[in-house]
Amino acid sequence: MNVLQSVRDFAKSLIPARFRRDIVTIPVVRLAGPIGMPGGFGASLSIGNVATRLEAAFSIARAPAVAIIVNSPGGSPVQARLIYERIRALADEEDKKVLVFIEDAGASGGYMIACAGDEIIADPSSIVGSIGVVSASFGFVGLLDRLGVERRVHTAGENKAILDPFRPERPEDIAHLHQLQKEVHETFIDMVRERRGSRLKHDEDLFTGLFWTGKRGLELGLVDRLGDLRGTLRERYGETVRIRLIGEPRGLTIRRGGSDGVRLPAGLAAEALATLEARALWARYGL
């Protein structure tokens with residue numbers, strides 16, 4: 001009997017894991033970086049560069065779930081929502097459970113994406129929440145005068161140059177911006193309430209833009225449990241579970257700054273600014 005079992009085990013070992021029914025394979029998609037930020041030297045998340053990976057993950061046969069690693073300080077609410085919607089649509093189409101694992105941060109738009117999960121698992125020290133909207137810019141009023149530069153702006157429409165950084169702020173411009181932020185914030189809140197439901201605890205600071213550790217997020221109902229990807233999947237699907245990372249598609253790299261691939265100074269400056277903006281997003285959460 002022992003010999004027969006050994007033969008069976010040896011025969012199983014010759015079968016590729018993807019064809020063995022006794023081994024569960026869980027596809028993993030890693031979504032890391034600021035969301036929808038142009039340029040920069042680091043990664044940026046958008047529906048355009050994650051859709052292929054998501055579709056590949058959800059198309060894997062016999063996988064009972066898809067795991068998504070989120071590590072993002074936020075960014076574009078539009079791109080965050082598009083990624084969220086794509087995850088939910090694929091989960092419904094393929095009838096698969098979605099497990100989201102938050103690493104350093106699932107904050108602001110990063111948390112919006114995390115809400116696509118049927119379960120959210122975070123490290124105790126992860127940063128979660130920041131359910132709010134922020135707009136940041138610089139004011140350069142008087143700078144051009146000191147430099148001896150005359151700026152010329154011509155518009156068709158009295159509000160076309162609203163919030164121009166080279167003009168003093170106008171109360172009516174700020175009021176309009178606040179109204180836009182309020183509408184985006186309400187959409188964000190509705191998404192969180194819809195997905196988290198009764199798991200959310202009543203706390204007056206929940207939707208004020210504050211953020212918390214994963215440990216406190218568990219108490220507030222923002223996450224479902226504390227843990228890590230490998231440990232959680234082994235606990236749920238057994239020690240033989242296979243983790244299959246769905247990587248970014250390989251293709252041509254598009255260089256900026258001309259056909260010869262040399263970056264021009266203006267391009268370098270734009271990328272440097274985008275990198276600083278991304279760095280500022282992370283720094284907001286002490287990361």
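**View 1. The loop that holds Arg-62.** Arg-62 lies in the loop between α2 and β2, where helices (H or I, at least four residues) and strands (E, at least two) are DSSP runs numbered from the N terminus. This is a predicted model, in which local features need pLDDT of at least 70 and side-chain atom pairs count only at pLDDT 80 or more, while totals for chains, interfaces and linings use all residues. Residues are numbered from 1 along each chain as its sequence is written, and side-chain values use heavy atoms, with hydrogens and water left out. Although Arg-62 is not a glycine, its phi is positive, at about 65°. Arg-62 counts as partly exposed at 45% relative accessibility, given that buried means under 20% relative accessible area, exposed over 50%, and partly exposed in between (1.4 Å probe, protein chains only).

**View 2. The loop that holds Asp-95.** Asp-95 lies in the loop between α3 and β3. Phi of Asp-95 is near 55°, which is a positive value in a residue other than glycine. With a relative accessible area of 70%, Asp-95 is exposed.

**View 3. Helix α2 and the elements around it.** Helix α2 covers residues 47-58, which makes 12 residues, and from its first C-alpha to its last it reaches 15 Å, close to the 16 Å expected at 1.5 Å a residue; the expected span is 1.5 Å times one less than the number of residues. The buried residues of α2 are Ile-47, Val-50, Ala-51, Arg-53, Leu-54, Ala-57 and Phe-58. An α-helix has 3.6 residues a turn, so residues three or four places apart point the same way. The buried residues of α2 pack against β1 (25-32), β2 (65-72), α3 (77-94) and β3 (97-107), where contact means heavy atoms within 4.5 Å.

**View 4. Arg-195 in helix α6.** Arg-195 has its place in helix α6, which runs over residues 171-196. Arg-195 is buried, because its relative accessible area is 18%. Leaving aside residues up to four places away in sequence, Arg-195 touches Tyr-84, Arg-88, Cys-115, Ala-116, Gly-117 and Asp-118.

**View 5. The protein chain as the setting for the close-ups.** The secondary structure of the protein chain comes to 9 helices and 8 strands, and of its 287 residues 37% count as buried. Among contacts between residues at least 6 apart in sequence, 71% join residues at least 24 apart. The protein chain exposes about 17100 Å², of which carbon and sulfur atoms supply 54%; accessible areas come from the Shrake-Rupley method with a 1.4 Å probe, and for residues only the protein chains shown count as cover.
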